[in-house]
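Open the model in your viewer and keep the sequence panel beside it. We will go from one selection to the next.

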Amino acid sequence: MTDNQKLRSYGLYKQVTIGDVNTDRPGMFSMVERAKWDAWKECEGMETEAAEAAYLELVEEISPG
């Protein structure tokens, strides 16, 4: 699983479970947290069902076999 796939799955998961971003963007010295926040922000506005479908599609794509 690539870093981009991990971030995409994180963003989609947060969109499904919480919805749109509801926190401030982390500071520039919190690089990991900032990347995760950015991935979630990219999913902003997605309906829960659409985010869930995209998440499942991503999981199927990266699953071995």
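Start with L12, C43, A51, A54 and L58. In this predicted model, these five residues form the largest nonpolar core. Helix α3 supplies the largest share of that core, three residues.

Which residues does A54 touch, leaving aside neighbours within four places in sequence? Look for R8, L12 and M46.

Next, show α1 (residues 3-17) and α3 (residues 48-62) as cartoons. Their axes lie 8 Å apart, and the packing angle is about 150°. Angles over 145 degrees count as roughly antiparallel, so α1 is roughly antiparallel to α3. The crossing of these two helices is left-handed.

From α1, select Q5, R8, S9, L12, Y13, Q15 and V16. Facing them from α3 are T48, A51, E52, A54, Y55, L58, E61 and I62. Sorted by class, the α1 and α3 contact holds eight nonpolar, four polar and three charged residues.

Keep α1 and bring in α2, residues 31-42. Here the axes come within 7 Å and cross at roughly 60°. That angle makes α1 oblique to α2. Check the handedness: α1 passes α2 in a right-handed crossing.

On the α1 side, take L7, Y10, G11, K14 and Q15. On the α2 side, take A35, K36, A39 and W40. Colour them by class to find five nonpolar, two polar and two charged residues.

Key: Residues are numbered from 1 along each chain as its sequence is written. This is a predicted model: local features need pLDDT of at least 70, side-chain atom pairs count only at pLDDT 80 or more; totals for chains, interfaces and linings use all residues. Side-chain values use heavy atoms; hydrogens and water are left out. Axes are lines fitted to C-alpha atoms, for helices over the stretch in contact, and angles run from 0 to 180 degrees between N-to-C directions. Helices (H or I, at least four residues) and strands (E, at least two) are DSSP runs, numbered from the N terminus. Angles under 35 degrees count as roughly parallel, over 145 as roughly antiparallel, 65 to 115 as roughly perpendicular and the rest as oblique. A crossing is left-handed if the near helix is turned anticlockwise from the far one by less than a right angle, and right-handed if clockwise. Contact means heavy atoms within 4.5 Å. Ala, Val, Leu, Ile, Met, Phe, Trp, Tyr, Cys and Pro count as nonpolar, Asp, Glu, Lys and Arg as charged, and the others, Gly among them, as polar. A nonpolar core is a set of buried Ala, Val, Leu, Ile, Met, Phe, Trp, Tyr and Cys residues joined through side-chain atoms within 4.5 Å. Buried means under 20% relative accessible area, exposed over 50%, partly exposed in between (1.4 Å probe, protein chains only).
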